[in-house]
Structure formats: C-alpha cells, structure tokens
Amino acid sequence: MQLSAMVLGGFLFFSISIGGAIAWVFSKLFQHTTQGLSLLCGGFLVGILVLDIVPSSFHLYQTFGLILGIFIGYFIFRILDTIFHSSHSQNPSVTLLAIAMIIHTIPISLTVGNLLGNAALSITITASIILHHIPEGFALSTALLSQGERLWRLFLYFIVFSIFFSIFILIGQYWDLSEKAQGLLMGISIGLIATTSISEFILHHIRSVTLKSLIIYVCLGYLLSYVFHTLVE
C-alpha cells in the first residue's frame with residue numbers, strides 16, 4: 001500500500017474525528033456544567049502525559065533535551081498566557097492547547113516522513129496514526145466544547161491540525177531532524193500541555209466547584225485516559 005502525506009493527513013483527520021465524536025457524547029452528559037467538562041479535560045490531559053507521552057518520550061529521547069524543552073515550554077506558556085489574557089483573547093486555553101499539540105506532532109510527523117518510503121511499514125504507520133491520535137482528538141474536542149465552541153469550529157481545528165501533520169510529513173521526507181532537536185520539541189510540547197492542562201483546565205475552575213466534584217471530574221478524566229491508553233497498547 002503506497003501512502004502519501006495527504007493520505008496520512010486524511011487518516012489523522014479520521015482519527016481525531018473519532019476522538020471528537022466521543023468527546024461530543026461526553027459533552028452532552030455534562031451539558032449543564034462547563035466547569036465539569038473542563039476538569040474532565042484537565043484530568044484526561046494529565047493522564048495522557050503520565051501514562052503515554054512522558055514515558056515514551058524519555059524512552060526515545062535524551063533526558064537533558066526533554067527537561068530543557070519542558071522548561072522552555074513552561075516559559076512559552078507563561079508568555080503566551082500573559083499575551084492572550086491581557087488582550088482578552090477568546091478561549092486562550094484552547095489556543096494554548098492547540099499550539100502544544102501541533103508542536104507535539106512535529107517530531108512524530110517528521111519521523112513518519114522519513115519512513116514513508118518503506119512499504120513494509122505502511123500498514124503499521126497507518127494503524128499507529130489512527131489509534132494514537134484518537135486521545136488527542138478527544139482532548140482537543142473536550143477543551144473546545146467546554147468553552148462553548150460550535151461543531152464547525154471543531155472541524156476547522158481538525159483540518160488545520162491535519163494540514164500541519166501532512167506538511168511536516170513532506171518536510172520529513174527531505175529533512176532528517178536530529179534526535180536532540182526532536183527531543184527538545186517533544187519536551188516543549190510536554191511543558192505546554194502540562195501547564196495548560198493544570199493551570200487552564202483544573203486550577204482555573206478550582207473555586208467554582210466543590211472539592212468532591214473537583215476530585216470526581218479530574219479522576220474520571222484520568223480514568224478515561226487510562227482506558228484509551230489500554231486500548232491503543
């Protein structure tokens with residue numbers, strides 16, 4: 001099966017759309033509490049980091065580059081957070097999360113670009129893209145829906161996400177990014193996702209719900225991330 005960057009971008013769109021559909025179902029269950037949906041998203045993102053992204057990153061990349069990237073990601077978050085909130089930007093938390101996830105896909109898509117000529121790996125690559133991006137689609141969709149975004153905005157984000165993925169696959173076919181640089185980018189995305197999930201989706205709503213509700217929503221989000229992690233293993 002001969003794959004191209006555009007075809008893989010289409011598979012990515014399909015994958016995150018599945019995650020978006022699951023998130024839409026949960027948004028209907030929590031339609032009377034946007035705080036609950038935000039806390040669910042925060043717990044889910046923390047779970048993705050703890051169960052999947054952080055362990056796999058430290059297995060693949062050098063520790064120093066990842067830790068440096070995490071600190072850089074934190075400072076980028078502080079700068080962007082100040083800019084977005086001071087300018088009264090609509091849904092800054094969603095924008096921050098979208099930026100973090102785009103950065104997160106760069107090392108992955110560049111690697112896929114390098115492997116694209118290997119026909120024996122085509123099915124493996126396709127299955128990996130479909131399975132491993134469902135949680136990201138769920139997380140981004142939950143974040144958007146918790147902010148009251150409409151479905152057409154959701155699909156617009158998906159399209160942009162898929163286009164970026166395809167572009168960096170094309171770049172990966174001609175440019176081999178060093179392992180150190182990939183580790184640094186992955187660290188930046190971890191720092192951004194961690195700070196956004198904790199600050200924007202959990203701490204931001206900590207005073208608007210009871211302690212019991214806070215624990216239930218965050219733990220439910222974490223449990224969902226564990227279910228996703230188990231299914232894609």
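In this predicted model, the largest cavity has a volume of about 30 Å³. The count of cavities of 30 Å³ or more comes to one. Its lining consists of Leu-45, Ile-48, Ile-53, Met-101, His-104, Glu-136 and Ile-193. Two elements, helix H2 (34-60) and helix H4 (92-115), each give two or more residues to this lining. The most is given by H2, with three residues. Sorted by class, the lining of the largest cavity holds five nonpolar residues, one polar residue and one charged residue.

Helix H1 (residues 5-29) packs with helix H6 (residues 134-146) at an angle of about 45 degrees, and their axes lie 7 Å apart. At that angle, H1 is therefore oblique to H6. The crossing in which H1 passes H6 is right-handed. On the H1 side, the contact is made by Ser-15, Ile-16, Ile-18, Gly-19, Gly-20, Ile-22, Ala-23, Trp-24, Phe-26 and Ser-27. On the H6 side, Ile-134, Gly-137, Phe-138, Ser-141, Thr-142 and Leu-145 take part. The contact of H1 with H6 comprises nine nonpolar and seven polar residues by class, and no charged residues.

The pair formed by H2 and H6 packs at an angle of about 155 degrees, with the two axes 9 Å apart. An angle over 145 degrees counts as roughly antiparallel, and H2 and H6 are therefore roughly antiparallel to each other. Here the crossing is left-handed, as H2 passes H6. H2 contributes Thr-34, Leu-37, Ser-38, Leu-40, Cys-41, Phe-44, Leu-45 and Ile-48, which meet Pro-135, Phe-138, Ala-139, Thr-142, Ala-143, Leu-145 and Ser-146 of H6. By class, eleven nonpolar and four polar residues make up the contact of H2 with H6, again without charged residues. Leu-45 and Ile-48, in the contact of H2 with H6, also belong to the lining of the largest cavity.

H6 also packs with helix H7 (residues 151-174), at an angle of about 140 degrees and with the axes 10 Å apart. H6 passes H7 in a crossing that is right-handed. Glu-136, Gly-137, Leu-140, Ser-141, Leu-144 and Leu-145 are the residues of H6 that meet Leu-151, Leu-154, Tyr-157, Phe-158 and Phe-161 of H7. The contact of H6 with H7 has eight nonpolar residues, two polar residues and one charged residue. Glu-136, in the contact of H6 with H7, is likewise found in the lining of the largest cavity. Leu-145 of H6 takes part in the contact with H1, in the contact with H2 and in the contact with H7.

Key: Residues are numbered from 1 along each chain as its sequence is written. This is a predicted model: local features need pLDDT of at least 70, side-chain atom pairs count only at pLDDT 80 or more; totals for chains, interfaces and linings use all residues. Side-chain values use heavy atoms; hydrogens and water are left out. On a 1 Å grid over the protein atoms alone, a cavity is a set of points where a 1.4 Å probe fits but cannot get out, and a pocket is an open set with protein on both sides within 12 Å along at least five of seven lines; lining residues have an atom within 4 Å of a point. Grid points are joined across faces, edges and corners, and a volume is the space filled by probe spheres set on the points. Helices (H or I, at least four residues) and strands (E, at least two) are DSSP runs, numbered from the N terminus. Ala, Val, Leu, Ile, Met, Phe, Trp, Tyr, Cys and Pro count as nonpolar, Asp, Glu, Lys and Arg as charged, and the others, Gly among them, as polar. Axes are lines fitted to C-alpha atoms, for helices over the stretch in contact, and angles run from 0 to 180 degrees between N-to-C directions. Angles under 35 degrees count as roughly parallel, over 145 as roughly antiparallel, 65 to 115 as roughly perpendicular and the rest as oblique. A crossing is left-handed if the near helix is turned anticlockwise from the far one by less than a right angle, and right-handed if clockwise. Contact means heavy atoms within 4.5 Å.
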